[in-house]
Amino acid sequence: MDLELRHLKVVSAIAEAGSLTRAATGLGLAQPALSAQLKRMERALGGELFVRGPHGVRPTELGELVLERARLLVPAVAELQEEARRFSRRRAAGRGGPVRYRLGGTHGPLLGGLVDRLASACPAASVTTYTSWSSRELAGLVAQGRIDYALTGVCGPSRPPSVAGGAALVWRQVATDPVFVMLPEGHALAACEEVPLEGLAGACWTNAPGDGCFAECFAAACARAGFTPGAVYETDTASCVHLVQVGRAVGLCRATFPPTPGLVTRALRGSPLMWRHVLGWHPDSPAAEVAEAVLAHARAVHTSAAELSPSYTRWRRLRESAP
């Protein structure tokens, strides 16, 4: 077996974890598979790399030698890969910028609207999409050059997701909205202009999943309102809508959520939860050349969605008339 960079990463992961079980979990492998891989490496290198004990593993002298080289080689290869990506991006930018728009987004209507606007404005360009519940995954794909833009959101004043390894993305705000609540049409609070959060103390809730701090912020808002939320069903948007329509739960949604039969959306009194839509890209990518134009399209999509939402229009009118 020839030693490869991935093998050095495995050895480093085992040493850092101090345990084959913990290392396997971090690497997304079954523990027996990692043990077998380690044995193959040890046979190829001519000796044991780790001493097994009741409290984990520790490197042998040969293991220390391999780890010393790994600490030099792994970062050097990662730096080479990043330099190669930057070089390719600069060359592509020199050819006149991207002829494609590779968009990544989380759940919500803005991604579809942005696809429509870009396809209309640039009919010769290729527009593709990738969706994920994870903002961190989208940021990582942008940093790796696998997508051009990440259209996602963050809770309140939270920062957009960072990328491991120090890659610095550019993040610009598209818009900031209050978080609304979805209610069945016949709900007792459906006639309210704004719904007090404490009025939903006994309800079950539904919401789309994510990897930011929104769940914690929601729990904190409920605590300030004097209650702990009941069951919270995290599921896809269509299932959230269904659970509200049949009266199984009330749902959290974006203020621009389109009118939907069987339910109403209402602002929460005092806007205890806010959501910032953001667009991110890599500053050294060809996509950066036209990022401001893409950002303008994203903002226009949000404006159109807001104008089509009666609940959003009502909330904005209430804010403008407030003393």
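Modeller: A search of the whole structure turns up zero disulfides, a disulfide being a pair of cysteine sulfur atoms within 2.5 Å. Take C192: the closest cysteine sulfur, in C253, is 16 Å from its own, so the two are too far for a bond. C217 is in no disulfide either, and its nearest cysteine sulfur, that of C155, is 3.3 Å away. C192 is partly exposed, at 27% relative accessibility, and C217 is partly exposed too, at 25%. Here buried means under 20% relative accessible area, exposed means over 50%, and partly exposed lies in between (1.4 Å probe, protein chains only).

A word on the source. This is a predicted model, where local features need pLDDT of at least 70 and side-chain atom pairs need 80 or more, while totals for chains, interfaces and linings use all residues. Residues are numbered from 1 along each chain as its sequence is written, and side-chain values use heavy atoms, leaving out hydrogens and water.

Now the rings. Rings of Phe, Tyr and Trp (its six-membered ring) pair if their centres lie within 6.5 Å; planes under 30 degrees apart are stacked, over 60 edge-to-face, and the rest tilted. By this rule there are three aromatic pairs. One of them joins W205 and F218: the centres are 4.9 Å apart and the planes stand at 65°, so the pair is edge-to-face. This pair links distant parts of the chain, 13 residues apart, with W205 in strand 8 (residues 205–207) and F218 in helix 7 (residues 214–224). Helices (H or I, at least four residues) and strands (E, at least two) are DSSP runs, numbered from the N terminus. W205 is buried, at 0% relative accessible area. F218 is buried as well, at 6%.

Another pair is Y312 with W315: centres 5.7 Å apart, planes at 55°, so it is tilted. Both residues sit in helix 10 (residues 310–321), three residues apart, or about one helical turn. Y312 is buried at 6% relative accessibility, and W315 is buried at 12%.

Last, two helices. The axes of helix 1 (residues 5–17) and helix 3 (residues 31–45) come within 11 Å and cross at roughly 115°. Axes are lines fitted to C-alpha atoms, for helices over the stretch in contact, and angles run from 0 to 180 degrees between N-to-C directions. In contact (heavy atoms within 4.5 Å), R6, H7, V10, V11 and I14 of helix 1 meet L34, Q37, L38 and M41 of helix 3.
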